[in-house]
Amino acid sequence: MRFQELSQEFTTYFNKKHFPVKPESLYGAAHYMLEDGGKRIRPVLCLLGNELFGTIKPDTWKMAVALELFHNFTLIHDDIMDKAPLRRGRATVHARYDESTALLAGDVMLLQAYDYLNETNPDYAQTLIRLLNKTGREVCEGQQLDMDFEKNASISLSEYLHMIELKTAVLLAGSLQMGAIAASAKQTDQQLIYDFGKNIGLAFQVQDDWLDAFGDPSTFGKLKGGDILANKKTFLLVKALESASPDRRQELTELLMYSGSDKVERVTSVYQQSGVGQAAQESKNFYMQRAYMSLDRISVPADRKKDLKELAAYLLERDT
C-alpha cells in the first residue's frame with residue numbers, strides 16, 4: 001500500500017535532529033515527543049496530495065516535516081489541557097518533564113515548522129504559511145469549543161460536527177491542499193482535494209467515536225468506553241441526547257452522574273436501544289461518499305486517485 005511505503009520513507013526522512021542540543025531540558029523534551037512516532041497521517045497526506053498531480057517534489061518533504069511538527073505541537077498542548085498522563089502508552093511530555101517545559105517544547109516545534117515552510121519555493125511559500133495559519137486558528141477554535149462543550153449540559157449535533165471539523169478535519173484537509181499547492185494544481189482542484197480531506201476527517205472522527213463504544217478493545221488499542229467513562233461529548237452521546245425517547249434520554253442523563261463499574265455497559269445499551277450506533281455508521285458513510293465525490297471531480301486520470309482511495313478506505317474501514 002502506497003501509504004505504508006510513504007510512511008516508512010517519511011519516518012526515515014524525519015528521524016533527524018530538528019533542534020539544537022542546548023538547553024537540553026527544552027530540546028530533550030521536544031525530541032522525547034517526536035520519538036514516539038505515530039501513523040504520520042498528515043505528512044503522508046501532504047505527500048500523496050502532491051503525488052496526485054505528478055512526481056513528489058523535494059519541497060514537499062519539508063512541508064511534510066512542518067506538518068508533523070505542527071501536529072505534535074498541538075498534541076503536547078492538548079495533553080496539558082486534558083491533564084493526560086499517557087499518550088500511546090508513554091508518559092506525556094508534561095508528565096515526564098513539567099507543564100512549563102512542555103509548553104515551550106510545543107512552541108519551538110511550531111516555530112521550527114515555519115522555518116521548514118520558509119525554506120520552500122518562494123513562489124508558494126507564503127501561500128503555505130497562510131494556509132497553516134488559517135488551519136492553526138481553526139484547530140485552536142475547535143479545541144476551545146471542545147472545552148466549552150464539557151461545561152454545557154447539551155449541545156446540538158450540528159455544533160458537535162462543526163467542532164470536530166475544526167479540531168480534526170481541517171488539518172487533514174490542509175495537509176492535502178499543501179501538497180496540491182506545491183504541485184501547482186488548479187484552484188478548483190485544490191478546493192476539491194481540501195474538501196476530500198475535510199470529509200475524510202469528519203468520517204474518521206465519527207468512526208472513532210463509534211469504536212470507543214462498540215469496537216473490539218483488543219484491536220482498537222484503547223480502553224473500551226474511555227469516552228463514556230469521561231462523559232466526553234461524542235457523536236453517540238450528542239445524538240442520543242438529541243433524538244432518544246424521553247425515557248432513554250432521562251436514563252442517559254442519570255448515567256452521566258453514575259460511576260459504577262457497569263457504566264460502560266449500561267450506556268452502550270442505551271446507545272443500542274436508541275439506534276445511535278447505526279446513525280453514526282450512516283453519518284460516517286455520508287461523509288465518505290462526499291469525500292469520494294470530491295476526489296472523483298479532481299481533473300487528473302482516475303488511476304492516479306487509487307492511492308488516496310485506498311488510504312481513505314484504510315482510515316475509515318478500520319477497527320483500530
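Colleague: Is Gln112 buried or exposed?

Modeller: Gln112 is buried, at a relative accessible area of 17%. Buried stands for under 20% relative accessible area, exposed for over 50%, and partly exposed for what lies in between, with a 1.4 Å probe and protein chains only. The model is predicted, so to speak of a local feature takes pLDDT of at least 70 and to count a side-chain atom pair takes pLDDT 80 or more, while totals for chains, interfaces and linings use all residues. Residues are numbered from 1 along each chain as its sequence is written, and side-chain values use heavy atoms, with hydrogens and water left out.

Colleague: Where is the place of Gln112, and which residues does Gln112 touch?

Modeller: Gln112 sits in helix α6. Helices (H or I, at least four residues) and strands (E, at least two) are DSSP runs, numbered from the N terminus. Not counting residues up to four places away in sequence, Gln112 touches His18, Phe19 and Leu69; contact is taken as heavy atoms within 4.5 Å.

Colleague: Which residues does Leu69 touch?

Modeller: With residues up to four places away in sequence not counted, Leu69 touches Phe14, Phe19, Leu34, Met109, Gln112, Ala113 and Tyr116.

Colleague: How many residues has the largest nonpolar core?

Modeller: In soluble globular proteins, nonpolar side chains tend to be buried together. A nonpolar core is a set of buried Ala, Val, Leu, Ile, Met, Phe, Trp, Tyr and Cys residues joined through side-chain atoms within 4.5 Å. Here the largest has 99 residues, and those with the most contacts inside it are Leu69, Met109, Met178, Phe196, Phe235 and Tyr271. Helix α8 gives the most to this core, with 13 residues.

Colleague: At what angle do the axes of α6 and α7 cross?

Modeller: Two packed helices are described by the angle between their axes and the distance between the axes. The axes are lines fitted to C-alpha atoms, for helices over the stretch in contact, and angles run from 0 to 180 degrees between N-to-C directions. Helix α6 (residues 99-118) and helix α7 (residues 125-151) have axes that cross at roughly 155 degrees and come within 9 Å. The two helices are therefore roughly antiparallel to each other. The classes are roughly parallel under 35 degrees, roughly antiparallel over 145, roughly perpendicular from 65 to 115, and oblique for the rest.

Colleague: Which residues of α6 and α7 make the contact?

Modeller: From α6 come Tyr114, Leu117 and Asn118, and from α7 come Ala125, Gln126, Leu128, Ile129, Leu132 and Asn133. By class, this contact has 6 nonpolar, 3 polar and no charged residues. Ala, Val, Leu, Ile, Met, Phe, Trp, Tyr, Cys and Pro count as nonpolar, Asp, Glu, Lys and Arg as charged, and the others, Gly among them, as polar.

Colleague: At what angle do α12 and α13 pack?

Modeller: Helix α12 (residues 235-243) and helix α13 (residues 246-255) pack at about 135 degrees, with axes 8 Å apart. These two are therefore oblique to each other. Leu237, Ala240, Leu241, Glu242 and Ser243 of α12 meet Arg249, Leu252 and Thr253 of α13. The class count for the contact is 4 nonpolar, 2 polar and 2 charged residues.

Colleague: Which residues in helix α16 are buried?

Modeller: In α16 (residues 306-316), Leu308, Leu311, Ala312, Leu315 and Leu316 are buried. They cover an arc of only 115 degrees around the axis, so they lie on the same side of α16; the arc is that of the directions from the helix axis to the C-beta atoms. What covers them includes α1 (2-14), α3 (41-51), α8 (157-182), α9 (187-214) and α15 (276-297).

Colleague: Which residues does a cis peptide bond join?

Modeller: The cis bond joins Lys22 and Pro23, with omega about 0 degrees. Pro23 lies in the loop between α1 and α2 (24-35).

Colleague: What is the phi of Arg40, and what is the phi of Lys83?

Modeller: Arg40 has a positive phi of about 60 degrees although it is not a glycine. Lys83, also a residue other than glycine, has a positive phi near 55 degrees. Arg40 is in the loop between α2 and α3 and is buried, at 6% relative accessible area. Lys83 is in the loop between α4 (58-82) and β1 (86-87) and is exposed, at 64%.

Colleague: How many residues apart in sequence are Ala182 and Asp59?

Modeller: They are 123 residues apart in sequence and 7.4 Å apart in space, C-alpha to C-alpha. Ala182 is in helix α8 and counts as buried, at 0% relative accessibility. Leaving aside neighbours within four places in sequence, Ala182 is in contact with Asn50, Lys57, Thr60, Met63 and Tyr124.
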